[in-house]
Amino acid sequence: ALLAGCLPIYWGHPQVYDVIDSRSFLMYKSKETVDTLRYLESNASAYWEYVQHMPIVAHGNETLSSYFSLTQEFGNGALQQKLHERMGFLT
């Protein structure tokens with residue numbers, strides 16, 4: 001959705017904020033979310049300002065390392081190392 005210039009709407013557990021930056025989507029909570037959508041729909045410049053400056057990953061490299069580093073080439077393999085330790089593999 002982000003690559004297509006769309007604004008994702010999320011309805012789910014707030015733990016998503018650990019991985020995804022809260023400014024990169026709208027968390028559906030209440031009428032307030034609907035009001036925000038209506039405003040952005042009626043104001044093209046505000047919409048494009050919003051979607052063009054959205055960070056995607058929360059906490060930058062720390063998040064990438066914690067959640068996506070399954071190989072040494074990405075995030076120095078921090079997640080891979082944790083998984084190996086939990087599974088009892090020698091490192």
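Biologist: Where is Ala58 found?
Modeller: In the loop between helix 2 (44-52) and helix 3 (60-68). Bear in mind that this is a predicted model.

Biologist: OK. Is Ala58 buried or exposed?
Modeller: Buried. Its relative accessibility is 5%, and the cut-off for buried is under 20%.

Biologist: What does Ala58 touch, leaving out residues up to four places away in sequence?
Modeller: Tyr17, Asp18, Val19, Ile20, Asp21 and Thr63.

Biologist: And what separates the C-alpha atoms of Ala58 and Phe74?
Modeller: 17 Å, with the two residues 16 apart along the chain.

Biologist: Switching to the helices. At what angle do helix 1 and helix 2 pack?
Modeller: About 110 degrees. Their axes are 5 Å apart. Helix 1 covers residues 31-42.

Biologist: Why do you quote both an angle and a distance?
Modeller: Because two packed helices are described by the angle between their axes and the distance between those axes.

Biologist: So what do we call the arrangement of helix 1 and helix 2?
Modeller: Roughly perpendicular. That class runs from 65 to 115 degrees, so helix 1 and helix 2 fall in it.

Biologist: Which residues meet there, helix 1 to helix 2?
Modeller: From helix 1, Tyr39, Leu40 and Ser42. From helix 2, Ala44, Ala46, Tyr47 and Tyr50.

Biologist: How many of the residues in that contact are nonpolar, polar or charged?
Modeller: The contact of helix 1 with helix 2 has 6 nonpolar residues, 1 polar and no charged.

Biologist: Staying in helix 1, is Val34 buried, exposed or partly exposed?
Modeller: Val34 lies in helix 1. It is partly exposed, with a relative accessible area of 27%.

Biologist: How far apart in space are Val34 and Asn76?
Modeller: 41 Å, C-alpha to C-alpha. In sequence they are 42 residues apart.

Biologist: New topic, Ser69. Where is it found?
Modeller: In the loop between helix 3 and helix 4 (78-86). Ser69 counts as buried, at 0% relative accessibility.

Biologist: Which backbone nitrogen lies 3.2 Å from a polar atom of the Ser69 side chain?
Modeller: That of Ala78.

Biologist: What else does Ser69 touch?
Modeller: Besides Ala78, its contacts include Leu64, Phe74, Gly75, Gly77, Leu79 and Gln80. Residues up to four places away in sequence are not counted.

Biologist: Last one. What is the mean pLDDT of the chain?
Modeller: 85, and 96% of the residues reach 70 or more.

Notes: Residues numbered from 1 in each chain as written. Predicted model: local features only at pLDDT ≥ 70, side-chain atom pairs only at ≥ 80, totals over all residues. Heavy atoms only, no water. Helix = DSSP H or I, 4+ residues; strand = E, 2+ residues; numbered from the N terminus. Buried < 20%, exposed > 50% of the residue type's maximum accessible area, 1.4 Å probe, protein only. Contact = heavy atoms within 4.5 Å. Axes fitted to C-alpha atoms, helices over the stretch in contact; angles between N-to-C directions. Parallel < 35°, antiparallel > 145°, perpendicular 65-115°, else oblique. Nonpolar A, V, L, I, M, F, W, Y, C, P; charged D, E, K, R; others polar. Polar contact = N/O pair within 3.5 Å; in protein donor to acceptor, adjacent residues only side chain to side chain. pLDDT = per-residue confidence, 0-100.
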